[in-house]
Amino acid sequence: MNGQLDSLFNFLMYLGVSLPILIVGILVFIYTTPYREYRLIQDGAATDDPQKINAAKAAAHDLSGKIIGLSIVVASVVINSGSIVDLLIWGIIGIIFQVVIFYLFAWLTPFHVIQEIPKGNVAIGIFSSHMSIVSGVLLAALVSY
């Protein structure tokens with residue numbers, strides 16, 4: 001029974017560190033992008049304007065891809081970390097690089113991701129989402145020392 005309590009305590013400790021890391025990563029994305037994903041989503045739900053509806057869809061795809069990508073990185077760090085400190089350090093490093101890769105992707109593409117999503121370009125939102133997931137998988141492999 002004592003082993004079960006130790007496992008439960010470990011689970012709660014890792015959960016207590018990994019969820020805030022994930023939340024911080026989401027907040028970094030939300031506050032560093034010039035468009036406000038939640039605002040675009042909310043505005044698209046409260047209108048019949050096709051551009052706002054499409055902007056909401058593009059933002060929802062973009063943000064959900066970022067969240068999935070971040071989750072993949074944090075999950076890999078949880079699996080591979082040897083301690084809570086290890087989880088904290090590599091979780092933060094993973095999030096920093098996830099954000100850097102998003103902006104690198106936005107800079108390298110022939111279209112302007114940051115401008116196209118608020119305009120309602122759903123295809124760009126989906127593409128951006130998938131790029132965030134791909135970078136999350138790549139970073140997850142990189143943090144699996």
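Which residues does Asn121 touch, not counting residues up to four places away in sequence?

Analyst: This is a predicted model, in which local features need pLDDT of at least 70 and side-chain atom pairs count only at pLDDT 80 or more, while totals for chains, interfaces and linings use all residues. Residues are numbered from 1 along each chain as its sequence is written, and side-chain values use heavy atoms, with hydrogens and water left out.

Leaving aside residues up to four places away in sequence, Asn121 touches Ala58 and Glu116, where contact means heavy atoms within 4.5 Å. Asn121 sits in the loop between helix H5 (113–119) and H6, helices being DSSP runs of H or I with at least four residues, numbered from the N terminus. Because its relative accessibility is 24%, Asn121 counts as partly exposed, the class between buried (under 20% relative accessible area) and exposed (over 50%), with a 1.4 Å probe and protein chains only.

The side chain of Asn121 also reaches the backbone nitrogen of Ala123 at 3.3 Å, and a polar atom of that Asn121 side chain lies 3.2 Å from the backbone nitrogen of Ile124. From Ala46, by contrast, Asn121 is 75 residues away in sequence and 18 Å away in space, C-alpha to C-alpha.

Technical notes
Helix = DSSP H or I, 4+ residues; strand = E, 2+ residues; numbered from the N terminus. Polar contact = N/O pair within 3.5 Å; in protein donor to acceptor, adjacent residues only side chain to side chain.
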